Amino acid sequence: MRLYRVTAGQEGSRGLPDFLNSHYVSCGLPGLGDLGLVGRSELQAKLRQAHGLDGRELERRLEEHWNFAHALEDGDYVVAGDGERLYLGDLGDYYYLEEFDNAEERSGHRRGVTWLRRLERGQLHPELAAFLGEDGETGLFGRSVAREELERLLSPPSAAEGSPLVDEATLREALDVLKAALRSDDPERRERAAAAIVRAATLRV
């Protein structure tokens, strides 16, 4: 399943209270019509004509609209927040409401949501917290997640996950041994020590 994020407002049809009470999320620019009826190239042309978009901004907005209407599927998850509160929901299908597709409401493009629970920002896994803190009104998590991994992301790291197997002092001592081996008279020993140091440096980047 995919994990999606939406930044909501404080009020109105794009506000978190209306999202929660009416069980939907919305994103996208007005004046484009039903996104479910257009292909990618046609959507690109609509964004260019209706809003004068071009270049990187056009590509960003195209991806945003296409993901919302086409890439997401029934059963994917969404996290919606307004800067203070966060809620997790189960996404439904895309639908279009023409009466809300205007510059005032800006919420004609919608997906139904079954809200599951409120989230505490300080209790999330750092990987999920970083995703929710990214710029932009919407975003897709970088990979698909199984239900078990979603539960992991919704919780802080366990002690076992967050604790290194070897303490920093021991690592420094081991590195000193490898550095000493670099000065050995044995060429093969110097080569093995150098390779070990390079591997260790790569893993810590």
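This briefing covers the salt bridges, nonpolar cores and strand pairing of one protein structure. The model is predicted. Over the whole structure, 13 salt bridges are found. The largest nonpolar core holds 28 residues, and a second, separate core holds 15. Strand 4 pairs in the antiparallel sense with strand 3 and also with strand 5.

- Arg40 and Glu63 form a salt bridge, with 2.5 Å between the closest N and O atoms.
- This pair links distant parts of the chain, since Arg40 belongs to helix 2 (residues 40-51) and Glu63 to helix 3 (residues 55-71), with the two residues 23 apart.
- Arg40 is partly exposed, at a relative accessible area of 33%.
- Glu63 is also partly exposed, with a relative accessibility of 35%.

- Glu57 forms a salt bridge with Arg61, and their closest N and O atoms lie 3.6 Å apart.
- Both residues are in helix 3 with a spacing of 4 residues, about one turn of the helix.
- Glu57 is partly exposed at 34% relative accessibility, whereas Arg61 counts as buried at 15%.
- Arg61 has a further salt bridge, to Glu64, where the closest N and O atoms are 2.8 Å apart.
- Arg61 and Glu64 are separated by about one helical turn because they are 3 residues apart in helix 3.
- Glu64 counts as buried because its relative accessibility is 6%, under the 20% limit.
- Through shared partners, the salt bridges join Glu57, Arg60, Arg61 and Glu64 into one network.

**Nonpolar cores**

- Within the largest core of 28 residues, the members that touch the most others are Tyr4, Phe19, Val25, Leu47, Val78 and Trp115.
- At least two residues of this core come from each of strand 1 (3-7), helix 1 (16-22), strand 2 (24-26), helix 2, helix 3, strand 3 (77-81), strand 4 (86-96) and strand 5 (109-119).
- Helix 3 gives the most to the core, supplying 4 residues.
- Beyond its neighbours within four places in sequence, Val25 is in contact with Val6, Phe19, Phe68, Val78, Ala80, Leu91, His109, Arg110, Arg111, Val113 and Trp115.
- Among the residues of the second, separate core of 15 are Leu88, Leu124, Leu153 and Leu154.
- In soluble globular proteins, nonpolar side chains tend to be buried together.

**Strand pairing**

- Strand 3 and strand 4 are paired in the antiparallel sense over 5 bridges.
- In this pairing, Val79 stands opposite Leu88 of strand 4; Leu88 is also one of the residues in the second core.
- The two strands form a hairpin with 4 residues between them, and Gly83 in the turn has a positive phi of about 95 degrees.
- Strand 4 and strand 5 are paired in the antiparallel sense over 9 bridges.
- Tyr95 stands opposite Arg110 in strand 5, and Arg110 is also among the contacts of Val25.

Definitions and conventions:
Residues numbered from 1 in each chain as written. Predicted model: local features only at pLDDT ≥ 70, side-chain atom pairs only at ≥ 80, totals over all residues. Heavy atoms only, no water. Salt bridge = Lys/Arg side-chain N within 4 Å of Asp/Glu carboxyl O. Buried < 20%, exposed > 50% of the residue type's maximum accessible area, 1.4 Å probe, protein only. Core = buried A, V, L, I, M, F, W, Y, C linked by side-chain atoms within 4.5 Å. Contact = heavy atoms within 4.5 Å. Pairing = 2+ DSSP bridges.
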